[in-house]
Amino acid sequence: TNSDIPHCTKTCELILSAFATTFTALKAKLLMQMGKISFTADIWSSDSLDPYLAVTAHWIGQDST
């Protein structure tokens, strides 16, 4: 039903909240790494010219085998 679907404002709020939580956890994890961290980035646009940006980070943690 329509009452089960959140309003676009609520959806945006939920996405931003999830991002903030994940970003905070990621920052804490990266600060605890002893070695080097490698970053890569890529930008592109869709056929309709929607812009996209991807950033990745790679590191070897102490719990890696």
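Let me start with F39, which lies in strand β1. Helices (H or I, at least four residues) and strands (E, at least two) are DSSP runs, numbered from the N terminus. A word on the source: this is a predicted model, where local features need pLDDT of at least 70, side-chain atom pairs count only at pLDDT 80 or more, and totals for chains, interfaces and linings use all residues. Residues are numbered from 1 along each chain as its sequence is written, and side-chain values use heavy atoms, with hydrogens and water left out.

Is F39 buried or exposed? F39 is exposed, because its relative accessible area is 54%; buried means under 20%, exposed over 50%, and partly exposed in between (1.4 Å probe, protein chains only).

Next, the strands. β1 and β2 run antiparallel, and eight bridges join them; two strands pair if DSSP finds at least two bridges between them. Opposite S38 stands H58 in β2. The hairpin of β1 and β2 has five residues between the strands, and L49 there takes a positive phi near 70 degrees.

F39 also belongs to a nonpolar surface patch of about 470 Å², together with I43, L53 and V55. Patch residues have over 30% relative accessible area and no salt bridge, and nonpolar side chains are joined within 5 Å. A salt bridge is a side-chain nitrogen of Lys or Arg within 4 Å of a carboxyl oxygen of Asp or Glu. Areas come from the Shrake-Rupley method with a 1.4 Å probe. β1 (38–45) and β2 (51–58) each supply at least two of the patch residues.

Last, T22 lies in helix α1, residues 8–31. T22 is exposed, because its relative accessible area is 53%.

Notes: Patch = residues over 30% accessible without salt bridge, like charges linked within 9 Å, V, L, I, M, F, W, Y side chains within 5 Å.
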